[in-house]
Amino acid sequence: QFLYFIGHRMVSLKLQARLASDILNCGRGRVWLDPNEAQEISNANSRKSIRKLIKDGFIIRKPEKVHSRARWRKMKEAKGMGRHTGIGRRQGTREARLPSKEIWMRRLRILRRVLRKYREEKKIDSHLYRSLYKKAKGNVFRNKHNLLEHIHKMKDEKRKEKQLADQLAAKKAKDTLSREKARKTELKRRQKESEEAQKAVVAARKAQLAAKKAPAPAAKKSVASPKVAAPDRKST
């Protein structure tokens with residue numbers, strides 16, 4: 001590969017190619033030696049002289065060969081639109097081309113990723129996370145959208161239950177306050193009645209004592225009316 005003719009004599013430039021590849025930081029295949037300057041290149045046996053030849057342009061580093069992916073991108077775009085995927089293009093069974101296990105793994109990983117995200121963001125608690133995790137493993141959810149709908153539905157139900165519990169607690173507290181108020185009112189009424197009854201009893205006792213202490217009134221003597229003699233019937 002690195003054999004050149006100088007006049008009628010063949011010269012090997014392997015040493016120069018090796019040094020140049022080391023200096024240019026590439027393989028020997030990408031080192032280009034100017035065949036018209038083979039005599040001068042053959043005289044270079046040090047790195048310093050090789051660098052000078054590189055600077056002069058007698059030794060250059062070949063550019064990388066371009067492996068274009070334009071055709072691949074074009075085909076990929078067409079396949080994304082559904083072209084070139086007919087029955088005649090398919091090789092292997094449906095299970096071999098895309099195994100059902102692979103589909104299951106992809107779906108389950110998506111669902112578990114959503115559950116982890118919601119748990120970390122405190123959108124669901126650990127109990128709900130564990131329940132949904134087991135349901136996802138049991139093939140309850142078809143896709144991510146179905147799982148999110150189920151989560152929102154459960155959260156709404158939980159919110160409604162909490163609202164009902166709060167309403168019941170508020171009603172219970174209100175009833176307790178009203179009963180307490182009624183009980184206090186009844187106690188006040190009874191206390192007032194008992195005080196009035198005690199006052200009446202005290203007044204009655206005072207009246208009795210006053211009646212006992214007062215002197216008894218003197219009894220009046222009755223005056224007998226004179227008897228009138230009945231007329232004699234015979235004299236008449």
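Contact here means heavy atoms within 4.5 Å. The structure is a predicted model, in which local features need pLDDT of at least 70, side-chain atom pairs count only at pLDDT 80 or more, and totals for chains, interfaces and linings use all residues. Residues are numbered from 1 along each chain as its sequence is written, and side-chain values use heavy atoms, with hydrogens and water left out.

**Whole chain.** Colour by pLDDT, the predictor's confidence in each residue, from 0 to 100. The chain averages 88, and 89% of its residues reach 70 or more. Select strand 1 (residues 3-6), whose mean of 72 is the lowest among the elements, then helix 6 (residues 100-120), which has the highest at 97. Where pLDDT is low, the predicted coordinates should not be read in detail.

Switch to a cartoon. Helices (H or I, at least four residues) and strands (E, at least two) are DSSP runs, numbered from the N terminus.

Now show the surface. The accessible area (Shrake-Rupley method, 1.4 Å probe; for residues, only the protein chains shown count as cover) is about 20700 Å², with 54% belonging to carbon and sulfur atoms. Of the 236 residues, 16% count as buried, that is, under 20% relative accessible area (1.4 Å probe, protein chains only). Among contacts between residues at least 6 apart in sequence, 59% join residues at least 24 apart.

**Largest core.** A nonpolar core is a set of buried Ala, Val, Leu, Ile, Met, Phe, Trp, Tyr and Cys residues joined through side-chain atoms within 4.5 Å. Select Leu13, Val31, Leu33, Ile41, Ile50, Leu53 and Ile59: these have the most contacts inside the largest core, which has 18 residues. Helix 1, strand 3 (31-33), helix 2 (38-43) and helix 3 (47-56) each give two or more residues to this core. Helix 1 supplies the largest share, four residues.

Centre on Ile41. Beyond residues up to four places away in sequence, Ile41 touches Leu13, Gln16, Leu33, Asp34, Leu53, Phe58 and Ile59.

**Gln16.** Gln16 counts as buried because its relative accessibility is 4%. Leaving aside neighbours within four places in sequence, Gln16 is in contact with Ile41, Ser42, Ala44 and Ile50. Draw a distance from the Gln16 side chain: one of its polar atoms lies 3.3 Å from the backbone oxygen of Ser42.

Terms used: Buried means under 20% relative accessible area, exposed over 50%, partly exposed in between (1.4 Å probe, protein chains only). A polar contact is a pair of N or O atoms within 3.5 Å; within protein, one must be able to donate a hydrogen and the other to accept it, and residues adjacent in sequence count only if both atoms are side-chain atoms.
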